[in-house]
Each structure stands twice: as structure tokens, then as C-alpha cells.
Amino acid sequence: MNIESEYYLSICPECGIQFALPKKFVEQLEKTHRDFYCPNGHSLHFPAETKEEKLQKLLAQEEERKQYFIRKSQRLEQEKKRAENQRNGYKGMLARVKKQNESLHS
Ligand SMILES: [Zn+2]
């Protein structure tokens with residue numbers, strides 16, 4: 001059995017004792033951030049996010065940013081349409097007024 005591939009060597013930051021933990025167990029601890037104990041009974045945990053968690057967070061942020069820009073461009077598109085409608089409305093009004101004037105003067 002290859003011990004190095006099965007166990008993770010940990011050092012307690014409180015007392016400095018070295019102890020081995022099964023890698024599967026360590027992977028679980030990294031994911032859950034649950035407390036575990038050194039052989040001297042010091043409470044330890046993995047406070048840091050795992051690489052996977054960090055990447056997932058980054059991905060989620062990236063996705064959010066993408067959604068933001070999509071929404072923004074949709075809003076701009078709507079505003080453009082509204083401005084066009086308004087301009088068309090004014091054009092129509094102008095045409096009507098012109099016609100009225102023409103009929104008044106003819
Ligand atoms: Zn300790």
C-alpha cells in the first residue's frame with residue numbers, strides 16, 4: 001500500500017503535531033469546512049474555499065455579468081425603439097399639421 005497516495009499529512013497550527021488523515025476524509029472536510037481535531041484535541045477546520053468552490057463562484061459571477069450585459073442591451077434596444085416610435089409619432093403629427101395648414105390656405 002502506498003501511504004503517500006492515501007493519506008494527507010496535516011500539521012496542527014496550535015501545537016505543531018503532524019498527523020495523517022485519509023485523503024477522502026480531507027476532501028470531505030475541505031468541502032464542508034467541518035471541524036476536526038488534531039491528536040491533541042485542538043479544533044481545526046479548512047476555512048479556505050476549495051479551488052472548485054472558487055471556480056464555481058467565479059463562474060457564477062461571470063454568468064451574472066453576462067446576464068447584466070444582455071439585460072442592458074435589451075433595455076437599450078427598447079429605448080431605441082421607443083425613441084423611433086416617438087419620432088414617427090412626431091412625423092405623423094407634423095404631416096397632419098401641414099395638411100391642416102394646406103387645407104386652410106387653399
Ligand atoms: Zn493541536
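Tutor: Helices (H or I, at least four residues) and strands (E, at least two) are DSSP runs, numbered from the N terminus. With those terms, H33 is located in the loop that joins α2 (23–32) to β3 (36–37). The model is predicted: local features need pLDDT of at least 70, side-chain atom pairs count only at pLDDT 80 or more, and totals for chains, interfaces and linings use all residues. Residues are numbered from 1 along each chain as its sequence is written.

The phi of H33 is near 55 degrees, a positive value in a residue that is not glycine. Most residues other than glycine have a negative phi. H33 counts as partly exposed because it has 13 C-beta neighbours inside 10 Å (20 or more other C-beta atoms within 10 Å make a residue buried, 12 or fewer exposed, and counts in between partly exposed; C-beta atoms are placed from the backbone). Of the 106 residues of the protein, 0% count as buried.

The protein contains three helices and four strands, and from the N terminus on these run α-β-β-α-β-β-α. Its radius of gyration, taken over C-alpha atoms, is 34 Å, well over the 13 Å that the globule rule (2.2 Å times the number of residues to the power 0.38) gives for 106 residues, so the protein is more spread out than a compact globule. Along the principal axes, its C-alpha trace spans about 105 × 30 × 15 Å.
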